[in-house]
Amino acid sequence: MAEETALNPTEYIQHHLTFLASPVADGGGFWVLHWDTLITTLALGVLTFGFMWIITRKATSGVPSRHQAFVELCVVFVNNQVKDIYHGESKIVAPIALTTFVLVLFMNAMDFLPIDIMSWLYEHVLRQHTWRGVPTADANTTFALALSVFAMMIFYSIKIKGLGGWLYELVSAPFGLKPIWFAPLLVVFNLLFQLVEYVSKPLSHSLRLYGNMYAGEIIFILLGLWAATGVAGIVLGSILGLGWSIFHILIVVLQAYIFRMLPSVYIAMAHERH
């Protein structure tokens with residue numbers, strides 16, 4: 001792309017790391033919408049779950065097609081994994097886990113699309129000079145998903161234990177409330193430990209995925225800089241990019257699997273009584 005080859009390395013990296021953003025209110029500040037993240041996530045959700053919906057509507061009891069076999073494999077795999085972790089009565093945990101796994105997997109997989117080719121398409125087809133195509137390389141996406149899981153964990157804790165039981169657990173675990181004369185200080189320690197646990201779950205859940213995908217995106221951008229050094233750079237960058245893409249397949253699938261597994265673990269933990 002002529003415009004991008006004229007950029008120096010710093011400008012090239014900044015160009016690929018700039019969101020299509022607009023402030024929610026005048027003055028900007030914290031409340032900024034990343035339209036590229038929102039639109040890409042919505043498009044991927046419609047395509048992937050629309051595909052799965054069409055396949056399930058056409059499912060037969062005979063020999064399955066390749067598409068039906070793939071969907072059945074995903075459903076059975078996630079369902080068995082959830083059953084091994086979660087032993088509650090809710091019937092929506094497995095569908096939520098499947099939805100999370102499939103959506104995160106395809107959002108991660110956007111990282112495999114060639115950055116310069118996609119940048120050309122974004123600029124000449126969508127008429128957008130800046131556009132980031134990997135939703136999970138945006139901390140807003142991973143935090144939104146993690147906070148949704150965190151809210152579900154709180155919901156199930158209150159549903160199973162009752163509001164009083166959940167509040168009692170906050171002040172009594174992990175050190176208990178005995179001896180009674182030491183209870184006020186124990187309440188303080190218990191609340192501090194519970195605060196650390198509750199804060200660390202959404203933070204670790206979101207930052208793990210974000211950090212891995214952001215790092216992967218940076219590496220692809222750095223490899224793309226080789227194209228500006230001539231034919232030899234294009235060949236070397238292509239070879240290195242292919243090698244990194246093969247290794248990145250493991251990261252993409254593994255991070256989707258971990259992000260899918262943690263909601264089941266957190267909801268299962270919400271059923272436990274201390």
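At 9% relative accessibility, Glu 169 counts as buried (buried means under 20% relative accessible area, exposed over 50%, and partly exposed in between, with a 1.4 Å probe and protein chains only). The model is predicted, with local features requiring pLDDT of at least 70 and side-chain atom pairs counted only at pLDDT 80 or more, whereas totals for chains, interfaces and linings use all residues. Residues are numbered from 1 along each chain as its sequence is written, and side-chain values use heavy atoms, with hydrogens and water left out.

Glu 169 forms a salt bridge with Lys 161, the closest N and O atoms being 3.0 Å apart (a salt bridge is a side-chain nitrogen of Lys or Arg within 4 Å of a carboxyl oxygen of Asp or Glu). Lys 161 is likewise buried, at 11% relative accessibility. The whole structure holds 3 salt bridges. In another, the side chains of Glu 217 and Arg 132 meet at 2.4 Å, N to O. Because Glu 217 lies in helix H8 and Arg 132 in the loop between H6 and H7, this pair ties together parts that are 85 residues apart in sequence (helices, H or I of at least four residues, and strands, E of at least two, are DSSP runs numbered from the N terminus). Glu 217 is buried at 5% relative accessibility, and Arg 132 is buried at 4%. Lys 201 and Glu 197 also form a salt bridge, with the closest N and O atoms 3.2 Å apart. Both residues lie in helix H8, 4 residues apart, about one turn of the helix. An α-helix has 3.6 residues a turn, so residues three or four places apart point the same way. Lys 201 counts as buried at 10% relative accessibility, while Glu 197 is partly exposed at 30%.

A pocket is defined on a 1 Å grid over the protein atoms alone, as an open set of points where a 1.4 Å probe fits, with protein on both sides within 12 Å along at least five of seven lines; lining residues have an atom within 4 Å of a point. Of the 19 lining residues, Pro 114, Gly 224, Gly 237, Ser 238 and Gly 241 are the closest to the centre of the pocket. Two or more lining residues come from each of helix H6 (115-124), helix H8 (183-224) and helix H9 (231-270). H9 gives the most, with 7 residues.

Helix H3 (residues 35-57) has 23 residues and should span 33 Å at 1.5 Å a residue, in agreement with the 32 Å between its end C-alpha atoms (the expected span is 1.5 Å times one less than the number of residues). Among the buried residues of H3 are Asp 36, Leu 44, Met 52 and Ile 55. The elements covering the buried residues of H3 include strand E2 (32-34), helix H4 (66-85), H5 and helix H7 (139-172). Thr 100 is placed in helix H5 (residues 93-109) and is buried, with a relative accessible area of 14%. Not counting residues up to four places away in sequence, Thr 100 touches Phe 259 and Arg 260 (contact means heavy atoms within 4.5 Å).

Backbone geometry was also examined. Cis peptide bonds join Ala 173 to Pro 174, with omega about 10°, and Lys 178 to Pro 179, with omega about 5°.
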